[in-house]
Amino acid sequence: MLLLALDTATPAVTVALHDGTDVIASSSQVDARRHGELLLPAVDRVLAEAGRTLEAVTGIVVGTGPGPYTGLRVGLMTADTFGLALGVPVHGVCTLDGLAYAADIEKGPFVVATDARRKEVYWATYADSRTRLTGPAVDRPADIAERVAGLPAVGAGALLYPDTFPTAHEPAHVSAAALAALAAGKLAAGEELEAPRPMYLRRPDAQVPKNYKVVTPK
Amino acid sequence: MADEPLVLGIETSCDETGVGIVRGTTLLADAVASSVDEHARFGGVVPEVASRAHLEAMVPTIDRALKEAGVTAKDLDGIAVTAGPGLAGALLVGVSAAKAYAYALGKPLYGVNHLASHICVDQLEHGPLPEPTMALLVSGGHSSLLLSSDITSDVRPMGATIDDAAGEAFDKIARVLDLGFPGGPVIDRYAREGDPAAIAFPRGLTGPRDPAYDFSFSGLKTAVARWIEARRAAGEEVPVRDVAASFQEAVVDVLTRKAVRACKDEGVDHLMIGGGVAANSRLRALAQERCEAAGIRLRVPRPKLCTDNGAMVAALGAEMVARNRAASSWDLSADSSLPVTESHVPGHHHGHDHVHEVSKENLYS
Ligand SMILES: [Zn+2]
């Protein structure tokens, strides 16, 4: 087994290679505005570091969000196309599940929350690092304060709103290493993974910008 | 290989997911999935809706194009993609797909300019582009007059709209007349039964002191809307066919007049017309008439190649390979306002400055 995992659903552009036993190379860069530029060079770097080529990969694992759409799609489109070109399966893993796995909390319940912008968080609750209880959902922190009161919390969304998540701690962003390890474990156990489809959780802003379609050069 | 490169092109700058495959100047496949129906009720393209649709449509559309062309991915000589201009989020989906595809197949990647692609696509219809070529690009997104002596390195803007695109005016007037979206085809249909001289609508930017090659359709749009509203306010029936014909005449009169003048001024004896509005029957007819009178050869690709598609991107990509242009690097980004003077986005290791120097030289020599 050689899994290439990637996630662009949070400000981190993160890539990892997992051989079924261990993560053999990984890269994480936090830059919310350059997902499109950073991802492919990161894949190239990770493969070079591990001394492998993309053809050796037996499966792709991709974070399906929820996350800000534009960045989220970079990872999903890249994973889909790798799958097409290589003829290997593409597995989806909820990005919050990856964070829960990395949080390494033996006994829950606990909360994972990421920044959904617009003063909202994407969040889910977990019984333990591998078992989601509720969510994912998108809400204003104040609106879910009662439901998450007293629960340990991880993720940048939790760190951002201490009023709702007073005990929030690291990790802030998902790592592809955690995503890969979680997926490798599930695959080895014969579990089905999700389809690599985006979790937007919000309807698109149906606004036609003024001068829509205008692509006239400056 | 260098003469007839086999290239796959990906286009996602607006609402069409296009994947085309060409061999040199021969079209092998032109697969397009459009999200236009999802935008119709909003009266225009909703960027997030378009981006979501691109993600869903990409892999099936690549598959379809390969089947249509009867080639396998490993035979490709390169992957081309629209790097800009266009809707940022929509472009990014195509650029992500193209990079992953090129990387996984071990093929060179060419990020190319959407407008230059609109011009280059004519090679698939009428053979190699004459050099120089004058091009009039008209669609819902662009109204530009461009002069190119080498489509891979020298595209010079002669003029452009100073407000709305020509296609936008069609959409707006169709909306005012309750004819739906998109407006181009339906206005064309009604206009065929109307009198183009029935109403004298204004011709924008055609005064003696106006810029010779720039366009303006905003004033026309307003004039037509006001004319219709005045009829309605007076309780009179709106003569839809005459309005459509007279409005359309005002648009295509200005477009063709300026394009022909640019050809004459620059001593260019070829005019190509591209973009979605090039499908307009009256634009084709009037351009033909005026070009013939001026001794200019008119080249207009078939309508399906005029609207946004992947074949046009592949056509320009193939030209990049044939002329040994530098490939793009793996950190290629989508550039929503990529200048028309940049036909492609070469990788930095080939020296960005040098490329600019070369194009500047071509531009003014
Ligand atoms: Zn276009």
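**Note on the zinc site, a chain B sheet and chain A confidence**

1. Along the chain, the donors of the zinc ion are spaced as H-x3-H-x23-H-x165-D. Donors are N, O and S atoms within 2.8 Å of the metal (3.2 Å for Na, K and Ca); water is not among the atoms, so sites may look incomplete. The structure is a predicted model, in which local features need pLDDT of at least 70, side-chain atom pairs count only at pLDDT 80 or more, and totals for chains, interfaces and linings use all residues. Residues are numbered from 1 along each chain as its sequence is written, chains are lettered from A and ligands numbered from 1 in the order in which they are written, and side-chain values use heavy atoms, with hydrogens and water left out.

2. The protein supplies B:His114 (NE2), B:His118 (NE2), B:His142 (NE2) and B:Asp308 (OD) as donors, 2.1 to 2.6 Å from the zinc ion. Because the four donor atoms subtend angles of 86 to 166°, the arrangement is irregular. Four donors count as tetrahedral if all angles lie between 85 and 135 degrees; four count as square planar and six as octahedral if opposite donors are over 155 degrees apart and all others between 65 and 115; anything else is irregular.

3. Helix H4 (residues 114–120) of chain B holds both B:His114 and B:His118, four residues apart, about one turn of the helix. Helices (H or I, at least four residues) and strands (E, at least two) are DSSP runs, numbered from the N terminus. B:His114 is buried at a relative accessible area of 1%, and B:His118 is buried at 1%. Buried means under 20% relative accessible area, exposed over 50%, partly exposed in between (1.4 Å probe, protein chains only).

4. Chain B also has an open sheet of five strands with mixed pairing, in the order E8-E7-E6-E9-E10. Two strands pair if DSSP finds at least two bridges between them. Strands E8 (154–160) and E10 (297–299) of chain B stand at the edges with a single partner strand each, so one side of each lacks a neighbour in the sheet. Strand E9 (residues 270–274) of chain B runs parallel to E10(B), joined by three bridges; B:His270 has B:Arg297 as its bridge partner in E10(B).

5. Chain A has an average pLDDT of 93, and 94% of the residues score at least 70. The pLDDT is the predictor's confidence in each residue, from 0 to 100.

6. A:Lys107 sits in the loop between helix H3 (95–103) and strand E6 (110–115) of chain A. A:Lys107 is exposed, at 72% relative accessibility.
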